[in-house]
Amino acid sequence: TDASSRYLYLRGASRSGLPPYGLSDILRLPADARREVTLVEGLIDVHHLRSKGIRSVAAIGGARVQPEMLRRFGRLGIDSVVLALDNDASGRDGTARAVERITRLTDAPTLRVLDPERFGDSKDPDAFVQEHGVTSFATLVAGADCAVSWRARELVNGITPESEPGRRRAALARAGNWLGTLPPRYALEQEDAIRQVAERCGYSRDAVERAFRARFWRDSAHD
């Protein structure tokens with residue numbers, strides 16, 4: 001669902017430069033309590049999560065994360081951001097776009113992803129907490145994935161070691177092309193992602209890394 005049909009905004013006002021809802025409250029917390037911020041879509045999610053004791057949470061009012069917002073977080077002393085968007089197509093697509101755009105920045109906080117599928121039958125964080133409790137939600141946030149690994153796995157989604165060789169190699173090509181565009185500072189994250197997509201597709205990590213370097217990273221800074 002488009003954000004404009006779910007939230008109220010001033011007519012004609014741009015939404016792209018708005019700070020996340022609840023950020024001002026987070027900035028009043030002690031420094032140690034705001035090192036990591038969880039971003040959700042819904043404003044109501046923020047109120048319900050805070051009523052359960054989760055204070056460092058803010059809402060973006062939709063599934064679109066603006067890169068400049070994350071750069072601002074870094075300047076405010078926020079070290080890590082967890083994306084916990086809704087469990088629907090918009091939430092998943094918004095998470096993928098955010099990872100692809102934010103990994104291009106040099107001054108953004110560390111980005112982690114709470115895979116929307118982890119919400120199970122719940123449509124968003126608030127619904128999950130109502131059904132499973134705040135402790136279960138906090139456990140999901142604590143176990144949120146490295147954004148690079150999450151995106152790489154998404155690019156090979158649906159592939160198993162038993163898939164046809166052509167499909168496995170096409171999936172690895174998608175992952176390799178994207179991983180090869182990342183700047184050198186993500187070298188460790190790349191290595192983790194290579195291991196995970198190799199296992200998903202039924203190849204050894206060494207073979208996949210050699211193939212990536214030869215076929216997709218030849219002209220990049222990874223040589």
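Predicted model: local features only at pLDDT ≥ 70, side-chain atom pairs only at ≥ 80, totals over all residues.
Q: What helices and strands does the protein chain have, and what share of its residues is buried?

A: The protein chain contains 10 helices and 5 strands. Of its 223 residues, 47% are buried. Contacts may also be sorted by separation along the sequence. Among those between residues at least 6 apart, 69% join residues that are at least 24 apart.

Q: Which strands pair with strand 3, and in what sense do they run?

A: Strand 3 pairs with two strands named here, one after the other. Strand 1 (residues 36-40) runs parallel to strand 3 and is joined to it by 4 bridges. Within this pairing, Leu39 has Leu83 as its bridge partner in strand 3. Strand 4 (residues 110-113) also pairs with strand 3 in the parallel sense, again over 4 bridges. There, Ser80 stands opposite Thr110 of strand 4.

Q: What unit do strand 3, helix 4 and strand 4 make?

A: Together with helix 4 (residues 89-102), strands 3 and 4 make a right-handed β-α-β unit.

Q: Are the faces of strand 3 covered or open?

A: A strand is read by taking the residues on each side in turn. In strand 3 (residues 80-83), Ser80 and Val82 lie on one side, while Val81 and Leu83 lie on the other. These four residues are all buried, and both faces of the strand are covered.

Q: Which residues of the largest nonpolar core touch the most other members?

A: The largest nonpolar core has 44 residues, and those touching the most other members are Leu39, Phe73, Val81, Leu179 and Phe212. Setting aside residues up to four places away in sequence, Leu39 touches Pro20, Ala58, Ile60, Met69, Phe73, Val81, Val82, Leu83, Ala84 and Leu85. There is also a second, separate core of 16 residues, with Val57, Val82, Phe137 and Ala144 among them.

Q: Where does Val141 lie, and which residues does Val141 touch?

A: Val141 belongs to helix 6 (residues 134-142). With a relative accessibility of 11%, Val141 counts as buried, because the limit for that class is under 20%. Beyond residues up to four places away in sequence, Val141 touches Glu36, Thr38, Val82, Arg112 and Leu114. The C-alpha atoms of Val141 and Leu114 are 6.3 Å apart in space, although the two residues are 27 residues apart in sequence.

Q: How many salt bridges does the whole structure have, and why can such pairs form?

A: Side chains of opposite charge can pair when their charged atoms come close. In this structure, a search finds 18 salt bridges. One of them joins the side chains of Arg28 and Asp25, at 2.7 Å from N to O. Arg28 is exposed at 62% relative accessibility, whereas Asp25 is partly exposed at 37%.

Q: Which parts of the chain does the salt bridge between Arg112 and Glu36 tie together?

A: In this salt bridge, the closest N and O atoms of Arg112 and Glu36 are 3.0 Å apart. Arg112 lies in strand 4 and Glu36 in strand 1, so the pair ties together parts that are 76 residues apart in sequence. Arg112 is buried, at 15% relative accessibility, and Glu36 is partly exposed, at 28%.

Q: How many residues apart are Glu209 and Arg205 in helix 10?

A: Glu209 and Arg205 are 4 residues apart in helix 10 (residues 205-215), a separation of about one helical turn. Their side chains meet in a salt bridge at 2.8 Å, N to O. Arg205 is partly exposed, with a relative accessible area of 30%. Elsewhere, salt bridges with shared partners link Glu68, Arg71, Arg75 and Asp107 into one network.

Methods: Residues numbered from 1 in each chain as written. Heavy atoms only, no water. Core = buried A, V, L, I, M, F, W, Y, C linked by side-chain atoms within 4.5 Å. Buried < 20%, exposed > 50% of the residue type's maximum accessible area, 1.4 Å probe, protein only. Contact = heavy atoms within 4.5 Å. Pairing = 2+ DSSP bridges. Right-handed = clockwise from strand over helix to strand, strands pointing away. Salt bridge = Lys/Arg side-chain N within 4 Å of Asp/Glu carboxyl O.
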